[in-house]
Amino acid sequence: MRKALVLFLALITPALAANIESYTRLKALFPKPPAEYSTLPFFVWHGEVTEAEIDRVLNDYTAQGIRGFYIHPRPGMITPYLTGRWFQLIRYTVDQAKQRGMVAWLYDEDSYPSGFAGGNVPAQFPESYNQGQGLVRRESGPCRILLRPTAGGFEDVTEKAQPGPGSWCFGIEQYPPRAWNGGYPYVDLLLPGLTQKFIDVTMRGYEKTLGADFGRTVPGIFTDEPNINPPGRGAVKYTPDLFTQFQKRWGYDLKPNLPSLFEETGDWKRIRHNYYALLLELFIDRWSKPWHAYAEQKQVAWTGHYWEHGWPNPVHGPDNMAMYAWHQVPGIDMLFNQFNEGVNAQFGNVRSVKELASAASQMGRRRTLSETYGGAGWELRFEDMKRLGDWQAALGVNMMNQHLSFQTLLGARKYDYPQSFTYHEPWWGQYHVLAGYFARLSLALSAGEQHNRILILEPTTSAWMYAGSRPSPRMLEIGREFQAYITDLEHRQVEYDLGSENILKDHAKVEGARLTVGRRSYDTVVLPPGTENLDTPTAMLLDGYRAAGGKLISLGAESLAVDGKPGAFRAPRTAAAALANPQFRNLDAELLFHQRRKLAEGELWFFSNSSLEKPARAAVSASGRSVEQMDLFTGATRPFPAKAAGGSVEFAVDLPPAGSLLVMVRDAAGPTPAPAPQRTAEPVAAASPLAIARTAPNAIRIDYCDLTIQGKTEPGLYFYVAQDKAFKAHGFTEGNPWNTAVQFKTSILDRDHFPAGAGFQAAYWFDVDPGFRPAGLKAVVERPALWKVSVNGAPVESRKGEWWLDIGFGVYDIGAHVKPGRNNVTIVTSPMSVHSELEPIYMVGDFSAVPRQQGFQLSAPRSVGLGPWKEQGLPFYSQAVAYSAKYALRQGGAYKVSLGRWAGTVAEVKVNGASAGIVGWQPYELEIGPLVRNGENTVEVIVYGSLKNLLGPHHGKPNPGLVSPGSFRGAPATQPPGAAYDQLPYGLMEPFQVLALKSK
């Protein structure tokens, strides 16, 4: 198999370019990387997909420098999955991508987790679920397995006795049918033939539709969170041939030992180890290997990720790192915007990324993927995007997959783990800056190879001994000990790889005093804190490594179990100095991360400061004769200050918060950089007052309504409650079918037949100050074709061809019908439709929104000043505010704009109407000299907000940085005061400065 894996590297899909081994080649591609290095957002299909929408999205991507994407079905999708129309749209998308020089990746499921094919697999293959997937203990029968205690353990008395005192009764559970799975249970990925059935169902239509583009314009397939998590509380994983395979693998019967999986009884450590070892082997043999073989045969890349954040708990999969060895592009996900270095965290979780990077390096995989940002909230800033992307890149990710790009914001779709990389975002027009940055970073960190000399074995098999139906606290202790150890190594800049015992079993050997794992060779092996067990192949390998003079550092237990049998391997604790990296001196940083890669002409170094508060500094020495900086924003390269002596160079790393640096340490001598100019920065007085203006109309969201169904009115309901009631009243027992369901074939559309009297009415109330003149006021209602809309009883029609925020949001002129005091906009759907999602409505126009005891009142507009917009009548305002002033400047002079206190997702600076660039990260400043002319100049800073203030979540104590669909569902029973809505204080808090830069 090892030979086959190496052979496959030569057969990798043509859409993934040849390896970049030299700096010369990297430097040539760096200004404009090929499409394969672009960021690759999920292009979400979750509505009625049309050719026009495909064109719009691809044109938007192209305009922002995005040259690839994943087609990703998600809940809310109206276009039936895997039908003729589906494949027609796939063909059209790939054709359009090819014309634009883009790559279009596929996704293997209708939503997630992968395996059920939107319901098609369980529908065609009932054995995939109806034989059960979980084993549970029951108080009484029926018993699939019945055990009776004996003096030495337990005896299998199934069909020989009835449950009684002291007996153990086990039943088989299956996943329940769920709307999320197309109305079927989730499937058993360990069932023989299941994966092949899934591939046949999902991929054959793509092969036929795409022809020669499969493996070229379409480089590969994304799989999402396939897992073997058992159903039922306190269950363990079951598959029909579990006991047969266990007997075959371990030589004894698992049945009389089942209590050891539920309690610490009998030889429980060995039983649990052997059980999870078997599950891992079955998961690889029956899921990973068939997918790998398929990808190899079709010359496509298999990518995606498992649920890696539960480690060391093996419930979703016993060893994710072992699974990565079978992907052509292994991947993880890194969601949300909460930096946490804990064992089960997302961003900040060193282990998750190091597992990925290490397995890829050992198996010779140049590309590593991360599904990134999802659920970070509408408020995600450019500085957050850069910081989080830099962090995972420094640890080993070089392919960014943004989660998500919404096709539409209609209905519940807007709450699906926002933000969105689409035209809906106020900042979308500025995203090309980060798209270019990350494309260059992806290119650079895909070049050459990373060679680390230290291997740290993960204590995964040790943790297995403490897992089971209800894991022991020791399992998580092992995880915490290990996590703390490797995170500390990262902070001290130690370079290492992680080792999976399963990968070692197939790909490791002793060569002299070194341990070789696939394409990597190590002179130091570490048994880290938490290590209590080794698999037999690992123990034999380490015995040989020690005998050959290899350096083994043991920080775990001194007497280790082997395959769960205690005391079978001696590993005396090592009394040695802590691991260190002598290439770093004067380290002054809390969250500095780096990666070093070897190219034919030297070494590439990338540094990232993941702190948002503190700078990071260090002196770095490296083998080489000169240093060049590679500017990730411009693509330019230039000499970088360094001291050269005796075949090595020393250079300084000095990064602001969220800063980064990419340099090439060259083997050859290079030009000496000119000394950095010593300049003073002197404020230039403005020649005019600061002018401040909104760039778009104000808006307010009305999220409570009176609901009327069949003549009965319930007043003041939160929209989600009202929506839920409306759908349930029309037979949808789970509420909105587009919210938590995957449509199997046309199962939801087939229900779109309601009698003439069906339907409902919702009245949205808003207050108007007597001093406010409502001329020009507009209302916005989603899906206008579905509703009859009236204002204070007067019917109104949507403006033809006009939309706001989303092309599916209709606009209504209502000013003529609005009066001082209490007003209402009423929407009626009759008859009912499956598309009648009752959502908030919006008021748009020139007004101030003033907080009241309940909600807000529309009042006369006021001028915008410095300070938070939300305190100036703009609490829901999501777009931008422009701040400008005139300055007397000199053409050819050096100037920069500096922001003081401000809040926004990003700021753009314009000089005389021309864009000078963006300000998105520290230091919050931008040089503007090239755009300055003699005399009077207008300098403008445009601060962009976010959809957080408009779309929420507004209620229920939102958790910043972690936003899920559930975040929008809870709210007070009655509308709260306007001041209680959770909204952010965007704005420029003090005037920006124009600084003249003068040489000392």
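The lining of the largest pocket comprises 25 nonpolar, seven polar and eight charged residues. Here Ala, Val, Leu, Ile, Met, Phe, Trp, Tyr, Cys and Pro count as nonpolar, Asp, Glu, Lys and Arg as charged, and the others, Gly among them, as polar. The model is predicted; local features need pLDDT of at least 70, side-chain atom pairs count only at pLDDT 80 or more, and totals for chains, interfaces and linings use all residues. Residues are numbered from 1 along each chain as its sequence is written, and side-chain values use heavy atoms, without hydrogens and water.

The volume of the largest pocket is about 1500 Å³. A pocket is an open set of points on a 1 Å grid over the protein atoms alone, where a 1.4 Å probe fits, with protein on both sides within 12 Å along at least five of seven lines; lining residues have an atom within 4 Å of a point. Of its 40 lining residues, Gln 629, Asp 631, Phe 633, Arg 638 and Glu 927 lie nearest the centre. Strand E52 gives the most to this lining, four residues. Strands (E) are DSSP runs of at least two residues, numbered from the N terminus.

The second largest pocket has a volume of about 760 Å³. It is lined by 31 residues, and Tyr 112, Pro 113, Arg 178, Trp 180 and Glu 225 are the closest to its centre. This lining divides into 15 nonpolar, eight polar and eight charged residues.

An open sheet of four strands runs in the order E15-E14-E19-E21, with parallel pairing. Strands pair if DSSP finds at least two bridges between them. E15 (497–499) and E21 (551–554) each have a single partner strand, so one side of each lacks a neighbour in the sheet.

Note on methods. Points joined across faces, edges and corners; volume = space filled by probe spheres on them.
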